[in-house]
Amino acid sequence: MKHLLQNLPAVAVVLLALTPLASVAQQTEVSGQVRGYWNERMAGDAGPVALANQWQGGTAAVAAASAATVQAELRANASWAGLTFSTTATAQIQQVPGGNADTQSWFNEAYASGSVMGWQWSAGKKVVSWDVGYAFRPNDMVQQEVRRTLVSEAVVGRPVLLAENFTADTAWSLVWANPTQTPSTNGSQEAALAARVYHRTGAVDWYGFARHGDRTGASVGVAAAWVASDALELHASARAYEHMTVSRTTASGSALVSATPWQPTLTDAGQQVLVGGTWTSESQISVLVEAWHDASALSDSQWNDWAARNQALPLWLARGAPVAAMAGNLAWQANAFGAASNLRQNNLYARLSWQRERWQVAVDVLYTPSDQGTINTFSLGWTGERFKMDMGLRSHGGPESAVVRQLPVQRQAYALGTWTF
């Protein structure tokens, strides 16, 4: 923490470098926030990463080590000649115990917008988040935002050309995402054309989605959100895709390989489906429940093969294989954890929260029925006029064979303070 405080001037230097972006906006709107947080992470003692390090220490560094972080975020908006310029920039300094402080800065958003012939358009780096789900969003075709992060941060947008048209109850959105990327680019950086239509009918919001990616081809989706009463809201989302970019392994059985066998690949056609709902009482107690299926995630049989390989690889030691080779192959098995946006294909999620004046407490559980794994999170927050405090805990449960019990990080705690200006 001492080294972190010594490097705080670096944050100020980065922000000063960003002030030209705000100078234009001083006549309109400038805002921001400064926040500091500590994230304590505890490594697990099960799974391929833990086993690799047991056989040869340091083979696989546990990513996301405990760290203290200070972030300063600046938002600026300016209007000139019928155009609006919007920018969000972040400067960060992070200190890992025993390591050097790391200073970074980036643009979350930087785009221009205007209107022509009844259409609103935007060009630049912008957050374009779609769909109605909370824990998972099948039709988030542009942003592809990571959901349920332990500490929420400002999302980093995608390069887009965006056109939108609005009427009283209907809206159209047309997007060219990542227009400068090459056809070989994967994942959220893939160049794609996407469209969304929204229509309100009484208490129901209807959505239609379409996307065509340079590599992944076509996909279409629908979603709906229904406010059934003052207390009850129901929502659902479904997407059918031609391909999805995921990571898959070429290694089978216990064979040792000399390079990581996990590589980006395209899935066959598949579907993603989510259903959920929220109930809120007059005393501000809220219950959110969602269930979803993601065919792009590893199947049960693929996870079974993965577990069998984890057990078979250490047997090479009795055959005289180098320890480094066996440990390295085990460490590569951790690539399975990031193979798709979900660990398991079928998931259940529940969140219970209570709002009381300036305080909010919440407990949520992500449950994977295939192996009875759970990810349990508790959070507590207090919000003032300009200052906000948050803290929380996250732990993984279930049998030792559950995938979540084999993740490199098993328990996390955080404390966060945010001052807005």
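L352 is found in strand β16. Strands here (E, at least two residues) and helices (H or I, at least four) are DSSP runs, numbered from the N terminus. L352 is partly exposed, with a relative accessible area of 47%. Partly exposed means between the other two classes: buried is under 20% relative accessible area and exposed is over 50%, with a 1.4 Å probe and protein chains only.

This is a predicted model, in which local features need pLDDT of at least 70 and side-chain atom pairs count only at pLDDT 80 or more, while totals for chains, interfaces and linings use all residues. Residues are numbered from 1 along each chain as its sequence is written, and side-chain values use heavy atoms, leaving out hydrogens and water. The protein chain averages a pLDDT of 90, and 93% of the residues score at least 70. Residues 1–26 fall below 50, and this stretch has 35 contacts in the model beyond near neighbours in sequence. pLDDT is the predictor's confidence in each residue, from 0 to 100. Contact means heavy atoms within 4.5 Å.

**The nonpolar patch**

L352 belongs to a nonpolar surface patch of about 640 Å², together with W226, L232, L234, W279, I285 and W354. Patches are made of residues with over 30% relative accessible area and no salt bridge; like charges are joined within 9 Å, nonpolar side chains (Val, Leu, Ile, Met, Phe, Trp, Tyr) within 5 Å. The areas come from the Shrake-Rupley method with a 1.4 Å probe, and for residues only the protein chains shown count as cover. β11 (232–241) and β16 (346–356) each supply at least two residues of the patch.

β11 has antiparallel partners. 9 bridges join β11 to β10 (residues 217–227). A hairpin through 4 residues links β10 and β11, and V227 stands opposite E233 in β11. 10 bridges join β11 to β14, where W279 stands opposite L232. Two strands pair if DSSP finds at least two bridges between them.

**Buried sites**

P138 sits in the loop between β5 (119–126) and β6 (158–166). P138 is buried, at 2% relative accessible area. P138 touches D131, S237, R239, Q272 and L274, not counting residues up to four places away in sequence. The C-alpha atoms of P138 and A236 are separated by 9.9 Å, although the two are 98 residues apart along the chain.

T267 lies in the loop between β13 (262–266) and β14 (270–280). T267 is buried too, at 12%. Leaving aside neighbours within four places in sequence, T267 contacts Y241, E242, H243, M244, V246 and R248.

In helix α5 (residues 323–332), M326, A327, G328, N329, L330 and A331 are buried. The buried residues of α5 pack against α3 (48–55) and α4 (300–312).

**Salt bridges**

A salt bridge is a side-chain nitrogen of Lys or Arg within 4 Å of a carboxyl oxygen of Asp or Glu. The count comes to 9 salt bridges. Three of them are listed here.

| Pair | N to O distance |
|---|---|
| R35 and E153 | 3.8 Å |
| E145 and R147 | 3.4 Å |
| E385 and R358 | 2.9 Å |

R35 lies in strand β1 (residues 29–43) and E153 in the loop between β5 and β6, so the pair ties together parts that are 118 residues apart in sequence. R35 is buried, at 6%, whereas E153 is partly exposed, at 38%. E385 is exposed, at 70%, while R358 is partly exposed, at 37%. D300, R344 and D371 are linked in a network of salt bridges.
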